[in-house]
There are 2 protein chains.
Amino acid sequence: MRPPPPASQSLLELPLVRDTGALPLQRQLHDRLHQAILDGRLSAGSHLPGSRALAETLGVSRNTVAAVYEQLLAEGYVESDRQGTRVLALSRALNRPAGESAGLPPPRLAERLGGLHATHTRLEAPAYLRPGIPDLAHFPVAAWQRSLDRALHASGPATLDYGDPLGEPALRAAIAHHIGPARGVRCEPDQVVITDGAHGALQLCVRLLTNPGDTAWVEDPGYRGAKAALQAGNLQVLPRRVDAEGILISPQDWQGEKPRLIYTTPSHQYPTGAVMSATRRLSLLEAAQKHGTWIIEDDYDSEFRHAGSPIAAIQGLFEHTPVLYIGSFSKTLFPSLRLGFVVLPRQLLSAARSALGELLRCSPRHNQLALADFISSGQFSRHLGRMRRLYRARQLALREALHKHLQIPHTLDGGLCGLHLTIHLPPAWNDKSIAAALRAQGLNPFALSDFALAPQREDNGLVLGYGNTPTELLEALVRKLAGTLLAT
Amino acid sequence: MRPPPPASQSLLELPLVRDTGALPLQRQLHDRLHQAILDGRLSAGSHLPGSRALAETLGVSRNTVAAVYEQLLAEGYVESDRQGTRVLALSRALNRPAGESAGLPPPRLAERLGGLHATHTRLEAPAYLRPGIPDLAHFPVAAWQRSLDRALHASGPATLDYGDPLGEPALRAAIAHHIGPARGVRCEPDQVVITDGAHGALQLCVRLLTNPGDTAWVEDPGYRGAKAALQAGNLQVLPRRVDAEGILISPQDWQGEKPRLIYTTPSHQYPTGAVMSATRRLSLLEAAQKHGTWIIEDDYDSEFRHAGSPIAAIQGLFEHTPVLYIGSFSKTLFPSLRLGFVVLPRQLLSAARSALGELLRCSPRHNQLALADFISSGQFSRHLGRMRRLYRARQLALREALHKHLQIPHTLDGGLCGLHLTIHLPPAWNDKSIAAALRAQGLNPFALSDFALAPQREDNGLVLGYGNTPTELLEALVRKLAGTLLAT
C-alpha cells in the first residue's frame with residue numbers, strides 16, 4: 001500500500017488575520033481546514049501536520065492547533081491514528097468546490113399556490129383612498145402604551161411563558177362582553193378563540209372543519225383575502241353572486257355538492273355594502289343546518305355604523321346557529337396589532353378542544369393583555385366613538401366631493417357602515433386600467449372587478465376607502481379621480 | 001279570505017324595564033318584538049298595534065315605537081300596508097322557540113385532527129423540570145420594555161399599518177447578521193422570513209412546499225410539536241430512527257417514495273441530544289439534492305452551547321444547500337413573544353415571493369421592531385451570555401444531584417447544548433406512568449416514549465428540563481424524582 005498523500009502545504013501556511021475585530025485565530029484555522037476538507041483541497045486520507053509543527057508555521061500556540069484538531073475530530077471530519085491526524089473520506093458527490101454544488105432541483109412549490117386569488121400590490125405610503133385601512137394618525141398611541149406597560153408589569157414572569165392556546169381569559173371575556181350587546185352575538189367567554197387577525201381566524205376555521213378538496217362558497221364580488229385564505233387551505237372555492245339583499249343562494253345550488261363552509265359578510269357586504277335581508281338570513285341558517293354546512297360570518301366593519309340602527313349578527317338570531325363568528329381589531333385599532341377572534345359554536349368547541357391545543361399557539365400574550373386592559377378600561381369604546389364620528393364626517397365629505405366633481409354617470413353603493421364607498425361605472429370605463437392609472441398618482445382605490453372570481457358586466461367600478469385619507473384632502477383627490485376618469 | 005290574526009296582546013303589554021343601566025327603551029322594545037317574530041309568538045301576517053296605541057300602553061313616546069317599527073322594516077321582519085304594520089312570513093323551519101332550534105348536525109371535524117400527535121397537557125405553574133421553557137425570572141423585562149417603547153415611538157403611525165408580510169427589514173437584517181457568524185448560516189437579510197415562532201415557520205414550509213398527502217420524514221424520537229404541525233398540514237409523517245450520530249436514513253429508505261420534507265435537528269437532536277456526524281450531514285445533503293427533497297433544519301437550542309465548540313448549521317456547509325433553516329426566540333427570549341424565522345434558499349424565495357404575500361400577514365410589527373432594537377442595541381447578546389452561564393451551572397447542578405441521588409441504573413444523554421438532559425431507564429420502569437406520578441407532585445419532566453411515533457424498547461426514560469427550574473431547588477426535586485422511581 002502506498003503512503004497517504006501529504007496535506008497541501010501552501011494552504012496550511014497561509015498566514016492568519018491578526019487585525020482586532022478579526023475572528024479568533026482558532027476559529028480562523030478551524031474554518032480554513034473545515035472548508036478545505038469539504039471542498040477536497042485537503043483530500044481524504046491525507047495527514048494534517050503535527051500540531052507543534054503547524055503551530056510554529058503559523059506562529060500560534062500549540063493549544064490553538066490542538067483545539068482545532070479536536071473540534072474537527074468531534075465534527076467527524078478527521079480521525080487520529082498512529083501517524084497523527086488524518087482526513088476522513090467524505091461523501092464524494094459533495095467533495096467539490098462550493099461553487100459547483102448548486103445542484104438544487106428547481107423548487108416545486110405546492111399546487112395550491114397557483115390557485116391563490118392574487119390581491120393588490122401595496123403602494124408605498126401615502127396610498128390615498130385605499131380601502132380597508134383605518135385612520136392611523138388618530139390612534140391613541142400613548143393610551144395604548146399605558147395598557148401595554150400595565151400588561152408587561154402587572155403580569156410578571158408567568159406571562160412570558162406559553163399561554164392558553166385559545167387566548168388570554170381576560171381578553172376572551174372582554175370580547176364576549178363587548179360583542180354580546182354591541183352585535184347581538186350569543187356567546188360565553190370560553191367560546192371566544194383569539195387568533196392572529198381575521199386571517200388567522202379563517203385559517204383556523206379551515207383547519208378545524210375542512211378536508212383537502214372540500215368546497216367553500218364565497219360572496220362574489222367579495223373579500224379577496226378570505227378567498228386566498230380558503231384556497232391556501234386546499235379548498236375548492238365557488239363564487240356565489242351578491243345582490244341588494246346579500247349573497248344569493250338558490251335552492252338549485254343546494255342540489256349539487258354541499259359546501260363545507262359558506263363565507264359571508266351579512267351586516268355590510270364587502271365591497272358592495274348590501275345588507276343581507278331577514279328572509280335570506282333565515283333561509284341561509286335553515287339550509288346550513290339542514291345540510292351540515294358551517295357559516296363563517298365575517299362582521300368585519302360593523303363597529304362603524306353610520307346610518308340607521310345596527311343590524312344584529314346572524315350568529316345570535318337563534319341559539320345554536322351553525323355560525324362561526326369572526327371579528328378583528330385591524331380596523332377598530334390598527335392592522336399591525338394582528339389580533340382577531342372567532343366565536344365557536346359550543347358543541348364545535350367541545351369536539352375540537354384537544355385539537356385546538358395542537359393547531360394554535362397563543363398570540364403574543366402581552367399584546368392580548370394590553371388589549372384586554374384597553375377594552376376594560378373604557379379606552380376602546382371611547383376610541384370607537386371618536387372614530388365613528390370621524391369616519392361619518394369623512395364619508396359625508398367624500399359623498400359631497402363625488403357629487404360635486406364626478407361628472408360621469410355612476411351609482412354609489414355602501415356607506416351604511418365601514419370605511420369605504422363603492423362607485424359603479426358604466427361599461428365604457430375599464431376599472432382595472434383606471435385603478436392602475438390612479439395608483440401612478442398615489443391614489444389607491446381598488447377595481448371592483450378585482451373582487452370577483454367570476455366578474456360580471458356589472459362588477460365594474462372603484463372601491464374608495466376613506467378610512468386613512470385626511471378629510472381635508474378628499475375634495476382635491478376626488479378632483480384628481482374625476483379628471484382621470486374623464487381622461488380614460 | 002278571513003282577517004289576519006291579531007298580534008298577541010299580552011306580549012306587547014309587558015312593561016319595559018326602567019332601571020338605570022337597563023337597555024334603552026327603544027332597544028328593549030325592538031329586541032322583544034324581534035325575538036317574538038323569530039320564535040313565532042308574533043305569527044306571520046299578524047298586525048302590530050298602531051304606534052300611538054302601543055306607545056300609550058307602554059308609556060313611551062310615539063317616536064320610540066315608530067323608530068322600532070322602522071328598524072324592523074329595515075331588517076325585513078315586517079312590511080307596512082294600508083292596515084298598518086304586518087309581520088312577514090319567515091322561514092317556517094326556524095319559526096319556533098329558540099330552545100328547540102338546536103338542530104345542529106354533530107360537528108364533523110377535519111380528518112387530519114384525528115392524526116394529530118398529542119402533546120402533553122400543561123400543568124399549572126410551577127411545573128418544575130418541564131423541558132422547553134427558558135428561565136423566565138431572569139428575562140430583563142425593563143430592557144425589553146425600553147426597546148418596545150422605542151419601537152412604539154420611533155416608528156410613528158406608519159407602523160400601525162400592515163407591514164412587509166415577510167417581516168420588518170430591520171429585524172430580518174439583525175437576524176441575518178447574528179446567525180451568520182454565530183451559526184454558520186449563509187444568508188442575506190432578504191432570505192429571512194419572520195414567522196409566529198418555529199410553529200409558524202413550520203406551517204409556512206408545509207404550505208409552500210407540500211401538497212396534501214405528501215410524505216415527510218421526522219426524527220423518532222423527536223420534537224412532537226413538529227410532528228403535529230406536519231400532520232395538521234395534511235402530510236403523511238414517517239418516523240426515522242435516531243442514534244448517536246443523529247437521524248438514521250438508509251439507502252433503502254430512498255428506494256421507496258421520496259419524502260417532500262425531512263425535519264431534523266442536527267446540532268442537538270431533540271430529545272436525545274445526539275450531534276449529527278459529518279458523514280451523515282453530507283450524505284443527507286447529497287441525497288436530498290439528488291431526490292429533490294427539502295430539509296428543514298430546526299436549530300432550536302443551539303444558542304446555549306455548554307461543552308466543546310459550536311457545530312455549524314448544515315444550511316451553511318455549502319452554498320445553495322436544499323435546507324430551510326428554522327429558528328425561534330422562544331428559548332433565547334421568551335415563548336409568549338411568538339417570534340421566529342425561516343431562512344429560505346434563494347431560488348425558493350424568488351419562486352415563492354408572490355405566494356408569500358398571500359400566505360403571510362406580518363407578525364405584530366411593534367414586537368418585531370422591539371426585537372430588532374433589542375438585538376442591535378447589544379441587549380440580546382448580553383442576555384444570551386448571562387443565560388448561557390446560568391444554564392451551564394444549572395445543568396452541572398442537575399448532573400451532580402442525579403449522580404448523588406438517583407440510585408437506579410440509568411444513562412444520561414444530551415447536555416452539549418440547550419435546556420434539558422435525558423435519562424434512559426431500564427425496561428422495568430414505565431416512563432409514562434412515572435411522568436404521571438411526578439406530575440401529581442408538581443414535577444413535569446416528559447416521558448421519552450411520548451416523543452416517538454413508533455416507540456422502541458430503548459425509548460424509555462425521562463426528559464428533564466432545567467431551563468426554568470431554580471438551581472437551588474434541583475437537589476430537592478431530584479430527591480423527589482429518585483424517591484418516585486424507587487416507589488414504582
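Predicted model: local features only at pLDDT ≥ 70, side-chain atom pairs only at ≥ 80, totals over all residues.
## Basis of the model

Local features need pLDDT of at least 70, side-chain atom pairs count only at pLDDT 80 or more, and totals for chains, interfaces and linings use all residues. Residues are numbered from 1 along each chain as its sequence is written, chains are lettered from A in the order in which they are written, and side-chain values use heavy atoms, without hydrogens and water.

## Cavities

A cavity is a set of points, on a 1 Å grid over the protein atoms alone, where a 1.4 Å probe fits but cannot get out; lining residues have an atom within 4 Å of a point. A volume is the space filled by probe spheres set on the points, which are joined across faces, edges and corners. The model has 9 cavities of 30 Å³ or more.

The largest cavity has a volume of about 530 Å³. Of its 29 lining residues, Asp196(A), Gly200(A), Gln203(A), Asp196(B) and Gln203(B) are the closest to its centre. The second largest cavity, of about 210 Å³, is lined by 20 residues, with Ile179(B), Glu303(B), Gly327(B), Ser328(B) and Phe341(B) nearest its centre.

## A helix pair in chain B

Helices are DSSP runs (H or I, at least four residues), numbered from the N terminus. The axes (lines fitted to C-alpha atoms over the stretch in contact, with angles from 0 to 180 degrees between N-to-C directions) of α13 (residues 379-405) and α15 (residues 471-487) of chain B come within 9 Å and cross at roughly 30 degrees. α13(B) and α15(B) are therefore roughly parallel to each other (angles under 35 degrees).

Terms used
1 Å grid on protein atoms, 1.4 Å probe; cavity = no way out; pocket = protein on both sides within 12 Å on 5 of 7 lines; lining within 4 Å. Helix = DSSP H or I, 4+ residues; strand = E, 2+ residues; numbered from the N terminus. Parallel < 35°, antiparallel > 145°, perpendicular 65-115°, else oblique.
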